[in-house]
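This report looks at charged side-chain pairs and at one helix packing in the model shown below.

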Amino acid sequence: MDRLFFLPAIVLLVSLPLGACSTAFEDGLIDGGPEYSQFATQQAALRDRAKAAFRQSDFAGAERTFRAALAKDPLDPEAWLGFAAASDRLGRFEVADKAYAQVIAIAGRRGEVVNNMGWSQWLRGNREAAKLLFAEALTLAPGNPVIAANASVKSAES
């Protein structure tokens, strides 16, 4: 009978330290810590370099740098979107389509993504598909001036 009395006490004593370890671990994840901050800073720097290359029409350089960002964080929707846009400009439309699908899987069907998909169709010569995507992008992000400009200019062009 004495053994049955001590068994719950032993279980309680063993479980207390385990509960404390779990809480400490979770607190570390919430804080992010310096390693996460450093990673986020490096990831942002890669994306900034890729965007600068894109603005300078160095689409191959932008594609390479966005690819490097994706190698470090394959769930970075901004890097996927940039990679898709650079692939479009290089005429790699199948690669771009897969990248757009990744962005949508990670971040959802957002106005910026659909706008870029419209540009992709425009570059391919699919004007009607592009116009539909620009209109959808405008519906998804009605206050976005870039999308509004694209939707109005491209709907007027044929």
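This is a predicted model: local features need pLDDT of at least 70, side-chain atom pairs count only at pLDDT 80 or more; totals for chains, interfaces and linings use all residues.

Arginine 92 lies in the loop between helix 4 and helix 5, while glutamate 63 belongs to helix 3, so the pair ties together parts that are 29 residues apart in sequence. Arginine 92 counts as partly exposed at 40% relative accessibility, whereas glutamate 63, at 6%, counts as buried.

## Other salt bridges

The count of salt bridges comes to nine. One of them joins glutamate 78 to arginine 47, with the closest N and O atoms 3.4 Å apart; this pair links distant parts of the chain, glutamate 78 being in helix 4 and arginine 47 in helix 2, 31 residues apart. Glutamate 78 is partly exposed, with a relative accessible area of 34%, but arginine 47 counts as buried at 16%. Both residues also belong to a network of salt bridges that links Arg47, Lys51, Asp76 and Glu78.

Arginine 124 and aspartate 97 meet through their side chains in a further salt bridge, at 2.5 Å from N to O. Since arginine 124 lies in helix 6 (residues 111-124) and aspartate 97 in helix 5, the pair ties together parts that are 27 residues apart in sequence.

## Packing of helix 4 and helix 5

Helix 4 (residues 77-89) packs against helix 5 (residues 93-107) at an angle of about 160°, with the axes 8 Å apart, and the two helices are therefore roughly antiparallel to each other. Among the residues making the contact are Trp80 and Phe83 of helix 4 and Tyr100 and Ile106 of helix 5; the contact residues divide into 14 nonpolar, two polar and one charged.

Terms used
Residues are numbered from 1 along each chain as its sequence is written. Side-chain values use heavy atoms; hydrogens and water are left out. Axes are lines fitted to C-alpha atoms, for helices over the stretch in contact, and angles run from 0 to 180 degrees between N-to-C directions. Helices (H or I, at least four residues) and strands (E, at least two) are DSSP runs, numbered from the N terminus. Angles under 35 degrees count as roughly parallel, over 145 as roughly antiparallel, 65 to 115 as roughly perpendicular and the rest as oblique. Contact means heavy atoms within 4.5 Å. Ala, Val, Leu, Ile, Met, Phe, Trp, Tyr, Cys and Pro count as nonpolar, Asp, Glu, Lys and Arg as charged, and the others, Gly among them, as polar. A salt bridge is a side-chain nitrogen of Lys or Arg within 4 Å of a carboxyl oxygen of Asp or Glu. Buried means under 20% relative accessible area, exposed over 50%, partly exposed in between (1.4 Å probe, protein chains only).
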